[in-house]
Amino acid sequence: MKFTRKGFVFIVLILSALVLGGYIGQHTSVNMLSYTVSCGLDHESPLTLNLIIATISIGLTLNISIAQILCIFGAIIIFALFSKHID
């Protein structure tokens, strides 16, 4: 599978939308944009595997806000509009 310039631009747009949406969601505490849902293993009680000589702890929590979802939709729309001009 060949990684093209369009793929790189798409990944950069999605990652920047996640960061921007996270920033907006975190700094708008009164608005609906800051509503966040958390899912996954909590970092306070991670999955622990005790192998006698080593203990492995695994924890993963995903937090996604309404602002991040809106920014991702915006990034997809921007990519659809400008992808024709990318070689």
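## What covers helix H2

Helix H1 (5-27) and strand S4 (61-65) are among the elements that cover the buried residues of H2, where helices (H or I, at least four residues) and strands (E, at least two) are DSSP runs numbered from the N terminus. This is a predicted model, in which local features need pLDDT of at least 70 and side-chain atom pairs count only at pLDDT 80 or more, while totals for chains, interfaces and linings use all residues. Residues are numbered from 1 along each chain as its sequence is written, and side-chain values use heavy atoms, with hydrogens and water left out.

Ala 67, Gln 68, Cys 71, Ile 72, Ala 75 and Phe 79 of H2 are buried, that is, under 20% relative accessible area, with exposed meaning over 50% and partly exposed in between (1.4 Å probe, protein chains only). Because these buried residues fall within an arc of 135° when seen down the axis of H2, they line one face of the helix, the arc being that of the directions from the helix axis to the C-beta atoms. Phe 73, Ile 77 and Leu 81, on the other side of H2, are exposed.

## Ser 65 in strand S4

Ser 65 lies in strand S4 and is buried, with a relative accessible area of 5%. Leaving aside residues up to four places away in sequence, Ser 65 touches Gly 21, Gly 25, Leu 33, Tyr 35 and Thr 36, contact meaning heavy atoms within 4.5 Å.
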